[in-house]
Amino acid sequence: MTWRRLRRDIKGSTTVEFAVVGWMLCMVTFGIVETGLLWWLKSGMQVTASLTARCGALGNTYGTPPCTSPTNTQNYAVSTASSWLFPNMIVANNVTVNGRVTACNGFTGNFFKVSISSNFFQFLPPPLGNYASLSTSACFPMQ
């Protein structure tokens with residue numbers, strides 16, 4: 001008699017169903033948040049590289065500050081990145097100022113190229129720690 005009564009009792013069924021499906025829901029939610037975070041950081045680094053390449057091209061062509069030397073260009077990238085990225089995500093050592101190059105992304109001509117990499121997630125636990133390095137580069141035409 002007790003078993004028949006327990007088969008009809010559905011009071012704990014919601015808890016059991018959540019225990020079966022809840023962990024998947026949490027994993028998908030965290031995956032979406034982490035993917036969005038990485039896209040946001042990658043796009044912030046790309047904008048920083050683009051603005052830094054533009055500043056470097058104008059600084060080398062017209063002598064306009066603040067990007068008249070590689071060190072100044074690196075410092076410009078760091079200060080620009082601090083506007084929309086995490087603090088200390090990009091430091092001067094992460095910015096490579098390639099300067100004047102003759103080809104960029106399949107195009108020939110005079111370009112100013114900047115590359116930025118970041119090991120910001122290196123010390124975080126997985127899965128974010130699996131992305132040890134994010135990198136990007138940008139070019140801007142010069143005269």
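User: Starting with Pro87, buried or exposed?

Analyst: Pro87 counts as exposed, at 63% relative accessibility. For the cut-offs, buried means under 20% relative accessible area, exposed over 50%, and partly exposed in between, with a 1.4 Å probe and protein chains only.

User: What am I looking at here, and how are things counted?

Analyst: This is a predicted model, where local features need pLDDT of at least 70 and side-chain atom pairs count only at pLDDT 80 or more, while totals for chains, interfaces and linings use all residues. Numbering runs from 1 along each chain as its sequence is written, and side-chain values use heavy atoms, with hydrogens and water left out.

User: OK, where is Pro87?

Analyst: Pro87 is in the loop between helix 3 and strand 1. Helices (H or I, at least four residues) and strands (E, at least two) are DSSP runs, numbered from the N terminus. The C-alpha atom of Pro87 is separated by 9.9 Å from that of Phe120, 33 residues apart along the chain.

User: How many bridges between strand 1 and strand 2?

Analyst: Strand 1 (residues 95–104) and strand 2 (residues 107–118) pair over eight bridges. Two strands pair if DSSP finds at least two bridges between them. Val101 stands opposite Phe111, and Arg100 has Phe112 as its bridge partner.

User: And the hairpin there, which residue takes a positive phi?

Analyst: Asn105, with a phi near 55 degrees; the hairpin has two residues between the strands.

User: What about strand 2 with strand 3?

Analyst: Those two are antiparallel over eight bridges. Ser115 has Ser137 of strand 3 as its bridge partner.

User: Switching to Thr136, buried or exposed?

Analyst: Thr136 has a relative accessible area of 9%, so Thr136 is buried. This residue is in strand 3 (residues 134–141).

User: What does Thr136 touch?

Analyst: Leaving out residues up to four places away in sequence, Thr136 touches Lys42, Met45, Gln46, Ala49, Val114, Ser115 and Ile116. Contact means heavy atoms within 4.5 Å.

User: Which side chain makes a polar contact with the side chain of Thr136?

Analyst: That of Gln46, at 2.2 Å. A polar contact is a pair of N or O atoms within 3.5 Å; within protein, one must be able to donate a hydrogen and the other to accept it, and residues adjacent in sequence count only if both atoms are side-chain atoms.

User: Last topic: how do helix 2 and helix 3 pack?

Analyst: Their axes are 9 Å apart, at an angle of about 145 degrees. Residues in the contact include Leu51 and Cys55 of helix 2 and Tyr76 of helix 3.

Conventions. Axes fitted to C-alpha atoms, helices over the stretch in contact; angles between N-to-C directions.
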